Amino acid sequence: MKGGLVVMLAALCMLGRGSEALAAARKIVQADSYELALQVPPVESFTTKPLYTLARFSHWDEILQEPAPPAELRYLTGVWYYARGLAHSARGRYDSATVALDSVATIGPSLPLDLPASLNPARSVLANAEKHLRADIAARQGRRDEAMAELRKGIALEDELTYDEPAGWYLPLRQPLGALLLAAGRPKNAEREYRDDLVRFPHNGWSLHGLEQSRRAQKRTREADAVAKERKQVGA
């Protein structure tokens with residue numbers, strides 16, 4: 001049953017259906033989930049779903065209201081710091097965001113190699129979180145080239161993850177890279193990132209939206225309209 005919820009959550013996130021996705025994420029984590037995760041380590045990866053979902057849909061206030069998890073759940077604690085770092089960065093509190101980033105960078109390499117996040121080591125997944133948070137802080141501070149470089153490092157790590165359904169890392173980093181390239185006035189490069197992401201995750205609403213915007217920025221209106229039509233057809 002929980003596996004089915006995880007797949008449904010991933011689909012809802014890809015389509016951009018935030019309220020439904022968060023409801024599914026909350027269902028995955030039951031009242032006894034933390035206690036169970038302490039006894040059965042593979043369960044810990046399930047407990048991260050609400051935080052990742054809140055981050056996916058930019059629910060910054062809710063993230064900052066989330067209590068700290070048990071310190072013994074190190075992977076979950078790393079994800080908690082990652083989500084808080086994104087929230088602080090979005091609010092312009094860069095000192096607090098950097099403190100959270102330092103915690104993520106410390107926790108990740110300290111995780112046991114055999115602690116799983118589905119089919120991947122939890123430390124490998126948290127490495128993606130570190131790169132994304134570094135990029136987010138840099139981008140919001142106007143260090144766009146640095147942010148792009150960090151995202152490309154994250155993409156390389158993401159591509160090395162063992163294939164899983166759903167994917168081991170919740171946020172394809174080609175999506176924020178495409179958004180940065182669009183903001184930098186490089187729509188052709190942005191289009192390439194979105195197209196690559198759609199090869200990996202077909203029909204996902206985030207990259208369909210980005211692809212549409214990148215084509216409109218190139219005055220390719222007919223092609224952009226075709227993408228918009230596809231996005232509506234898939235319910236994104």
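**View 1. Helix α7, a mostly covered helix.** Of the 17 residues in α7, 14 are buried, so this helix is mostly covered; buried means under 20% relative accessible area, exposed means over 50%, and partly exposed lies in between (1.4 Å probe, protein chains only). Helices here are DSSP runs of H or I with at least four residues, strands are runs of E with at least two, and both are numbered from the N terminus. This is a predicted model, in which local features need pLDDT of at least 70 and side-chain atom pairs count only at pLDDT 80 or more, while totals for chains, interfaces and linings use all residues. Residues are numbered from 1 along each chain as its sequence is written, and side-chain values use heavy atoms, with hydrogens and water left out. From its first C-alpha to its last, α7 reaches 24 Å, close to the 24 Å expected at 1.5 Å a residue; the expected span is 1.5 Å times one less than the number of residues. Just after α7 comes Gly92, with a positive phi of about 80 degrees.

**View 2. Helix α7 beside helix α8.** Follow α7 (residues 74-90) to where its axis comes within 8 Å of the axis of α8, crossing at roughly 155 degrees. Axes are lines fitted to C-alpha atoms, for helices over the stretch in contact, and angles run from 0 to 180 degrees between N-to-C directions. That angle makes α7 roughly antiparallel to α8: angles over 145 degrees count as roughly antiparallel, under 35 as roughly parallel, 65 to 115 as roughly perpendicular, and the rest as oblique. The crossing of α7 and α8 is left-handed, meaning that the near helix is turned anticlockwise from the far one by less than a right angle; clockwise would be right-handed. On the α7 side, look for residues including Tyr81, Tyr82 and His88; on the α8 side, residues including Ala97, Val104 and Ile107. Contact means heavy atoms within 4.5 Å. By class, this contact of α7 with α8 has seven nonpolar residues, eight polar and one charged. Here Ala, Val, Leu, Ile, Met, Phe, Trp, Tyr, Cys and Pro count as nonpolar, Asp, Glu, Lys and Arg as charged, and the others, Gly among them, as polar.

**View 3. Helix α8 beside helix α9.** Now move along to α8 (residues 94-110) and α9 (residues 122-140), which pack at an angle of about 160 degrees with their axes 9 Å apart. That makes α8 roughly antiparallel to α9, and their crossing is left-handed. Among the residues that make the contact are Leu101, Val104 and Ala105 of α8, and Leu126, Leu133 and Ile137 of α9. The contact of α8 with α9 divides into 11 nonpolar, three polar and four charged residues.

**View 4. Helix α5 alongside helix α7.** Back at α7, helix α5 (residues 49-56) packs against it at an angle of about 15 degrees, with the two axes 9 Å apart. The pair is therefore roughly parallel, and α5 passes α7 in a left-handed crossing. Leu51, Tyr52 and Ala55 of α5 meet Tyr75, Leu76, Val79, Trp80, Tyr82, Ala83 and Leu86 of α7. Sorted by class, this contact of α5 with α7 has 10 nonpolar residues, no polar and no charged ones.

View 5. Leu151 lies in α10 (residues 144-160), and at 1% relative accessibility Leu151 counts as buried. Leaving aside residues within four places in sequence, Leu151 is in contact with His132, Ala135, Leu173, Pro176, Leu177 and Leu180. Glu150 also sits in α10 and is buried, with a relative accessible area of 11%.

**View 6. Ser45 and Ser118.** Ser45, in helix α4 (residues 44-47), is buried at 10% relative accessible area. Not counting residues up to four places away in sequence, Ser45 touches Tyr75, Pro116, Ala117 and Ser118. Ser118 belongs to the loop between β1 (116-117) and β2 (120-121) and is partly exposed, at 45%.

**View 7. Backbone angles to look out for.** Most residues other than glycine have a negative phi, and most peptide bonds are trans. Ser118 has a positive phi, near 60 degrees. His203 has a positive phi too, near 65 degrees, and is found in the loop between α12 (187-200) and α13 (205-217). The peptide bond from Glu165 to Pro166 is cis, with omega near 0 degrees; Pro166 is in the loop between α10 and α11 (174-183).
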